[in-house]
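Reader: I would like to go through this model feature by feature. Please take the helices and sheets, then the cores, then single residues.

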Amino acid sequence: MLFLGFNAILMFKRYLILLFSLLFFQSLLAQSSESISNRKMLSRDSLLMDLSLLETALTEMHPGLYRYASEKEVSQWFKSLRDSLPETIWEGEFFARLAQTIAKVRCGHTYLNPWNLTRSVRLRLFGGKTFFPIGFEIIDGKFYTTENASLNTDIKRAAEILKINDVPITEIYAKLKTIAKTDGNNFAAVDHYLSLWNYEASTWQAFDLYLQLFYPLKNDTFEVTYQNFGTSETKIAKVKAQTKQERAEKMITKYGKAITEKELWKIEHFTSGTSIMRLGTFATWKWKGFNAEKWFETAFKELDSLKVSKLVVDLRGNGGGLAIHRSQLASYLVKDTLRCDKIGKVYIKITKFNTELLPYIETYVELLKAGLPEDLYSPSDNGLYEFFEPDVCSDIPPRPNGYKGEVFILGNASNVSATFTLLDHANRFGYGTFVGQTTGGNRQGINGGEYAFFTMPYSKIEVDIPLKYFSSFTPQKDEGVQPKIPVKVTQKDIAVQNDPYLAKVKMMQ
C-alpha cells in the first residue's frame with residue numbers, strides 16, 4: 001500500500017478541490033452558453049397587452065410624441081406592429097421591430113435603452129459571442145475600419161468593408177438606419193450613431209445590438225469582404241465573433257488601455273499660444289470626487305497666466321449629460337450676459353403619473369407620483385403645460401476672469417442634448433466659432449431632461465420616455481446646428497490618422 005506524506009496529501013486534496021471547482025465552473029459556463037443560445041419565444045397575446053400599455057404610456061406622458069407625426073400616424077405605427085406579430089416570435093426579433101417603431105418618433109431620447117434592460121434579457125440577447133471584432137467609422141454610408149481586434153492582420157486601418165456574411169454593407173446600413181436615433185428630420189447623427197467606435201465592456205453600441213438581431217449569426221464567425229485603402233483588390237476574411245468582454249480585452253491588449261472617465265476632461269497647452277480643452281462628456285454624475293466648477297476655474301486661470309491667445313474647445317464625441325456643465329463653460333466664454341429667456345420654453349404632458357402605469361415605471365421625478373404643485377405649471381395653447389422649473393432658467397453673466405482670446409469649438413454629429421445646445425448658443429450669441437460637422441439634435445428643440453423608464457411587464461423590454469419638451473424661443477429650421485467652418489473627414493484621413501478638425505484651426509493661425 002502506498003502511503004503519502006502530509007505535504008503530498010495536502011497537495012492531492014488541493015488538486016481535487018481545484019479539479020472539482022473547474023468542473024463546476026465549466027458546468028455553469030455551459031449552462032450560461034446554453035441559456036444564451038436557446039431563444040426565448042414570446043406569445044402574440046401577451047405582447048399585445050405589453051404594446052397596449054406602452055402606447056398608453058407614450059401617448060399620456062411623452063410631450064413631444066406628436067412633434068413630427070400626427071396622432072393618427074402614431075396610432076397606425078402601433079397597429080402595424082400589432083398586425084405584423086405572428087402567434088409566437090423570438091424576443092430578439094420583437095426587440096428589433098419595436099425599436100423600428102419607436103425610432104419613428106424621431107426623438108433622440110426615446111429608445112430601447114440597453115442599460116435599463118433586466119439582466120436576464122440582456123444576457124439572452126447580447127451575452128454571447130455576437131460582437132464584431134473590427135471597429136469602423138461610417139462616412140456617407142461607407143464603412144472604414146479603425147481598429148481590429150481579430151487575428152486577421154491583413155485587414156488594415158481604413159479598409160472599406162463591402163460585405164458582412166455575404167450581405168452587402170449597403171443593405172446592412174439601410175436596415176440599421178431604421179433603428180437609428182434622430183431628432184426630427186436631422187439625420188446628420190445617423191452615421192456616427194451606427195459607427196463602431198467604443199469598445200469598453202461597460203458600454204453598448206447600436207451596431208453590436210442590432211446587427212445580430214437583423215442578421216443572426218449561424219456560427220461564431222463573421223465573413224468580411226473588404227478592400228484595403230489604396231488598393232483595388234477585393235478580399236474575403238473570416239474573423240471570430242467575440243463576447244463584449246473579450247473584445248474589450250483584446251482592444252486593450254492591442255491598442256492600450258482606454259482613457260479613464262476623468263481623463264475625458266483635460267487641457268493641453270502648446271508653445272504656439274494655443275490650448276486645447278477636451279471635454280469628452282458632460283455625463284459626470286458618477287465621477288467620485290469630481291468638481292467641475294473647480295476644474296473650470298483652475299483651467300481658465302492657467303489660460304490667463306499663460307496668455308493663451310487661441311482656445312480650442314474639443315467637444316467631439318460628447319453626447320451631452322449635465323446641463324450645468326454647459327452653463328459653467330459658457331460663463332467663461334460669453335462677453336455679454338446670456339439671457340435665459342432668450343433660450344426657449346419647457347413643456348410637459350402630465351402633472352401626475354397614471355397610477356395604473358406606475359408599477360411599470362422607474363423615475364427620478366418623485367413629484368410626479370404625488371402630483372406637481374400647481375405653481376410649477378400652467379396650461380398652454382399647444383395642448384401641453386408650460387413648466388416653470390425652479391432655479392433652472394437663470395442668466396449666465398460673463399465671469400470677471402473669463403477668457404478674452406479667440407475661441408474655436410470643435411463639434412460634430414455626436415453632439416446632442418447639452419452639447420448640441422452649447423453649440424447652438426455659440427452660433428447664436430457669438431461666444432465661439434463652431435468648426436466641424438452638423439450636429440445631432442434639432443434647432444426646433446428636443447425632448448429630454450427627466451424620464452420615465454417604462455418596462456413592459458411580459459417581455460421585460462424597457463423604453464426611455466422623456467418627460468420634458470424643450471422649445472426654441474423663436475421658430476427655427478428642422479435641422480442640427482451648422483458649423484461656421486465645415487470639416488470633411490476622408491478615408492485617407494482615417495488611414496494616416498490625420499485630424500482635419502485641428503488642421504482647419506491651424507490654417508487659421
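Author: Start with a helix on strands: helix α13 (residues 417–429) lies across β16 (406–411) and β17 (433–436), and its direction runs at about 140° to β16. Keep in mind throughout that this is a predicted model.

Reader: Which sheet holds β16 and β17, and in what order do its strands come?

Author: A sheet is read by its strand order. Here six strands form an open sheet, ordered β9-β10-β11-β16-β17-β20, with mixed pairing. At its edges are β9 (265–269) and β20 (485–486), each of which pairs on one side only.

Reader: Which helix packs on this sheet and touches β9?

Author: Helix α10 (residues 292–305) does, touching β9, β10 and β11 (310–314). The direction of α10 makes about 5° with that of β9.

Reader: How many bridges join β9 to β10?

Author: Five bridges join β9 to strand β10 (residues 274–279), and the two run antiparallel.

Reader: What is the strand order in the open sheet with antiparallel pairing?

Author: That sheet also has six strands, in the order β13-β18-β19-β12-β15-β14. Strands β13 (361–363) and β14 (377–379) are at its edges with a single partner strand each, so one side of each lacks a neighbour in the sheet. From one strand to the next, the twist averages 35°.

Reader: How many bridges join β18 to β19?

Author: Seven bridges link strand β18 (residues 447–455) with strand β19 (residues 462–472), and these strands run antiparallel.

Reader: How should I read the packing of α2 against helix α3?

Author: Take the distance and the crossing angle together. The axes of α2 and helix α3 (residues 71–84) come within 10 Å and cross at roughly 170°. An angle over 145 degrees counts as roughly antiparallel, and α2 and α3 are therefore roughly antiparallel to each other.

Reader: Which residues make that contact?

Author: On α2 they are R44, L48, L51, L54, E55 and L58, and on α3 they are S75, F78, L81, R82 and D83. By class, the contact has six nonpolar, one polar and four charged residues.

Reader: Turning to the cores, which residues have the most contacts inside the largest nonpolar core?

Author: They are F94, L98, F132, F207 and Y210, in a core of 86 residues. Helix α8 (residues 206–214) gives the most to this core, with seven residues. Setting aside residues up to four places away in sequence, Y210 touches F95, A96, A99, L112, L176 and I179. Another core, of 33 residues, lies apart from the largest one, and includes F282, L315, I396 and Y431.

Reader: How is the hairpin of β3 and β4 put together?

Author: A hairpin is read from its bridges and its turn. Five bridges join strand β3 (residues 134–139) to β4, and the strands run antiparallel. The bridge partner of I138 is F143 in β4. Two residues lie between the strands, and D140 takes a positive phi near 55°.

Reader: Is β4 (residues 142–148) mostly covered or mostly uncovered?

Author: Mostly covered: five of the seven residues of β4 are buried. On to the next strand, two bridges join β4 to strand β5 (residues 160–164), again running antiparallel. Y144 stands opposite E160 in β5.

Reader: Is I139 buried or exposed?

Author: I139, found in strand β3, counts as buried because its relative accessibility is 11%, where the cut-off is under 20%. Beyond four places in sequence, I139 touches Y144, D191, K488, V489, T490 and I494.

Reader: What should I make of a positive phi?

Author: Most residues other than glycine have a negative phi. D166, which is not a glycine, has a positive phi of about 65°. D166 is found in the loop between β5 and β6 (167–168) and counts as exposed, at 52% relative accessibility.

Reader: Where is K307?

Author: K307 is in the loop between α10 and β11. K307 has a positive phi of about 55° although it is not a glycine, and counts as exposed at 67% relative accessibility.

Methods
Residues numbered from 1 in each chain as written. Predicted model: local features only at pLDDT ≥ 70, side-chain atom pairs only at ≥ 80, totals over all residues. Heavy atoms only, no water. Pairing = 2+ DSSP bridges. Helix = DSSP H or I, 4+ residues; strand = E, 2+ residues; numbered from the N terminus. Axes fitted to C-alpha atoms, helices over the stretch in contact; angles between N-to-C directions. Core = buried A, V, L, I, M, F, W, Y, C linked by side-chain atoms within 4.5 Å. Buried < 20%, exposed > 50% of the residue type's maximum accessible area, 1.4 Å probe, protein only. Contact = heavy atoms within 4.5 Å. Parallel < 35°, antiparallel > 145°, perpendicular 65-115°, else oblique. Nonpolar A, V, L, I, M, F, W, Y, C, P; charged D, E, K, R; others polar.
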